[in-house]
Structures are given as structure tokens and as C-alpha cells.
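Here are my notes on the helix packing. Please read them beside the model.

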Amino acid sequence: MASINNLSIPFFIFVSLFPIVNLLLLSPLLTAASSIISDGLKIDLFPEILRDEAVARLYQLGKVSDADGYLERTFLSPASVRAGTLIRTWMEDAGLTTWVDGLGNVHGRIQPPNASKKTLLIGSHLDTVVDAGMFDGALGIITAISAIKVLNVTGRLKHLRHPVEVIAFSDEEGVRFQSTFLGSAAIAGVLPVATLQIPDKSGLTVQNVLKENLIETTEENLNLLKYEPESVLGYIEVTVKGSQGHAGTVPMSMRQDPMVAAAELIVTFTVDIRTIDDTGREAIIYELSNQMHSICDRRSVSCLMERKHDADAVKCDSELNSQLKSAAYSAVKRMTGEDIGDVPVLMSGAGHDAMAMSHLTNVGMLFVRCRGGISHSPEEHVLDDDVWVAGLAIQAFLETNL
Ligand SMILES: [Zn+2]
């Protein structure tokens, strides 16, 4: 048994709060139904766009990788650039005007003729972790495009009361530069200019990599990427519920965490605390440090605690929350004919682009269940019908609120 002395406890504290909507699907779904009769009206559920094409695109994008045999797309890597090009063609197919911005984010926008100035942003990320699953990030981009395509083919897109912009963010995972949210932070105006000089493993900086892709972004023009808060209605993000057994998403009781065992043997360790709000986090930290000190006192060892990182909880906008809840409710109702009652609202411990975007505007999140809650892994899996209902929910959200 190792003796414990000079106990140093760096705290890694990362807290995010997302009351999120879990698309709780009741099976069996009416998978074969392309339309249902409701109040005598035929309502088309567009399975060929919202399910079949969306799922095919998820698989197609899931093959766009820098690695052989597994999925890896990091910030502006060759595969990321190919993925961006593919996403652009899908955006254009849905009736959106596209461009790539100074940080490699891919945008697709519809500017209806009589729309007000405030734009609804819908986004997720096109980069992946190493050996990723094919849904994280991609699902949010693809379902948003599919929902807009439905509005386009039914002629409703040009009658929306607000412009809508889908953004495929260039970096959320932070794999290449060990700095997350490069894309969304630039749009939110919270990306420090010094980020441009961060090098990757090969010594290329963010700025070098942009330049390689013919994107001239400098410290002087970085702030041009920032959206003005007055021009934005809100930001919504669709993502998978779950993550690779990391602290953000899996409770301790459900993890097989070697760190827990190791913590009994080692003298320096990190504690990652994620709670629903900042007050709760402070309370836990206070209690934890009290207990640490009392254990160390009892064992007659010294104890040093250090807070390495703090991130404030981000609260989703209550209005967007209730609009997304209604949209999820009606999507499930339309598909299954069943009344699911109250749509669950969840907290997310994981990081999302919505955290960066919360500096710009109100944010809301829509979560889609994935098998076993596993994400950031090739095991990640979302049912075809859940992809479909996610698309229907975004469509319902846009039709009702825009
Ligand atoms: Zn992720």
C-alpha cells in the first residue's frame, strides 16, 4: 500500500448545464407510414427525406475520415475539408445559400423575402474525436438540413418570418489544437486572438492551417467573424445523448473508472465536478475540500488543492426550452399517434457548441437518445426512426415558431 504524502489535488472543474429535451420514442413506431390522417387532414411525415436520406447521409459522412479503418476528422484536416464540401452540397440541395467563413465553419442560409432581421442559428460540429462514432455532430447538421429541405419542397421555406442559418462548426472537439469550440467561439466573439498561434503536434498553427486552406484570418480580422447579438434570434443544437463514459455524461455508479481505483494509490489526482448550476458546484467543492482536509489531517499528511479550470453553468433559454419540448412532443405524436406526456428535460454535463454560443444569444438543445448512451466511440448508434423524429421535431419547431 502506497503511503500518501504531499497530497496535491488539482481540481478540474467543468460545469455545463443544459436542460435538454430527450426525444423519448415509444416503440413500435409507425415506421412504414409516410403519412397519417389527423383530423381528416393528410399529414406527410417525409420519411424519404427525414429518415432515409438523412440516415444515408450520416453513413456517407461517417466514411469521410483521415484514418484507415476508423473515423477521425480534426480541424480543417483533408477529411474535414471534404466533409465540409459534402455538407455544402446538402445545404444547397435544401435551398440554402452557402459559404465557408474565416475559421472554416460551413454556413447555409435562407433569407426569406419578408423576414425580420433576427436569424435563427441551428448548428453542430463537423469535426470528430479520434475513433469516433458517426452521429455526434453530424446528426445535428444533417437533421437540420433535412428539416429545412422539407420546408423547401413544400414551399414553406420562403415564407418563414425569420432567416435561418445552419452552421456546421469546424471544431468542437478540440482534438487538433487542444482547444475546444474554435468555430463557435469565433462566431460568438469569444475566441481569444492568441488562439490563432496555437500549434498542433506538427508545429502548424491555427493560422497556418487556415492559410493552407486559402483562408486569410489574422488577429486584425478575426473579430469580423463575430455575429452581432441584435442580429440573432437564438441558437439551437441537436445532438446525441451520451458520451464515452466520461465525467460529463455518465454517473459514477455507471462507470468502470480505473481512475477511481487508482485514486486510492496515487498522490496527485484531478476531480472533475459538473453540476446543474454554479451554486451547487460551489457547495460540492466546499464540502469536498473540507473532507479532503479532514482526511489529510487524520492521516497527518499535507494537502494542496488547486482549481485548474472553472466553467460556469450555461442555462438554456426557458422559452426555447418550451418551444423545443412542444416540437419534440408533436413530432412523436405525429409519428406514433401516442401521447408521451411531459417531455423530459435533462442536464448535460458534456461540452457543446451551445456553451460558446451562449455568449452571443439564447441557446436551446434537443437531445436524441443513442444506444446505451455511448458516444465518442464507433459503438455510437442512433435508430433510423430516431433520426427521423429528430428531423420532424426541428421541422415542427421551425413551422411553429418562425
Ligand atoms: Zn462530441
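1. Helix H1 bends by about 30° at Glu53. The bend at a residue is the angle between axes fitted to the seven residues ending there and the seven starting there. Helices here are DSSP runs (H or I, at least four residues), numbered from the N terminus. This is a predicted model: local features need pLDDT of at least 70, side-chain atom pairs count only at pLDDT 80 or more, and totals for chains, interfaces and linings use all residues. Residues are numbered from 1 along each chain as its sequence is written.

2. Which residues of H1 are buried? They are Pro47, Ile49, Leu50, Arg51, Glu53, Ala54, Arg57 and Leu61. Buried means that 20 or more other C-beta atoms, placed from the backbone, lie within 10 Å of the residue's own. The buried residues of H1 pack against helix H2 (78–93), H3 and H10.

3. H1 (residues 47–62) packs on helix H3 (residues 138–153) at about 145°, and their axes are 10 Å apart. Axes are lines fitted to C-alpha atoms, for helices over the stretch in contact; angles run from 0 to 180 degrees between N-to-C directions. The H1 and H3 crossing is right-handed (the near helix is turned clockwise from the far one by less than a right angle). On the H1 side, the contact includes Ile49, Glu53, Arg57 and Leu61. Among the H3 residues are Leu139, Ile142, Ser146 and Lys149. Contact means C-beta atoms, placed from the backbone, within 7 Å. By class, this contact has 9 nonpolar, 3 polar and 3 charged residues. Ala, Val, Leu, Ile, Met, Phe, Trp, Tyr, Cys and Pro count as nonpolar, Asp, Glu, Lys and Arg as charged, and the others, Gly among them, as polar.

4. H1 also packs on helix H10 (residues 384–401), at about 120° with axes 8 Å apart. H1 contributes Pro47, Leu50, Arg51, Ala54, Val55 and Leu58, and H10 contributes Asp384, Asp385, Val387, Trp388, Gly391 and Leu392.

Note on methods. Helices (H or I, at least four residues) and strands (E, at least two) are DSSP runs, numbered from the N terminus. Two residues are in contact if their C-beta atoms, placed from the backbone, lie within 7 Å. A residue is buried if 20 or more other C-beta atoms lie within 10 Å of its own, exposed if 12 or fewer, and partly exposed in between; C-beta atoms are placed from the backbone.
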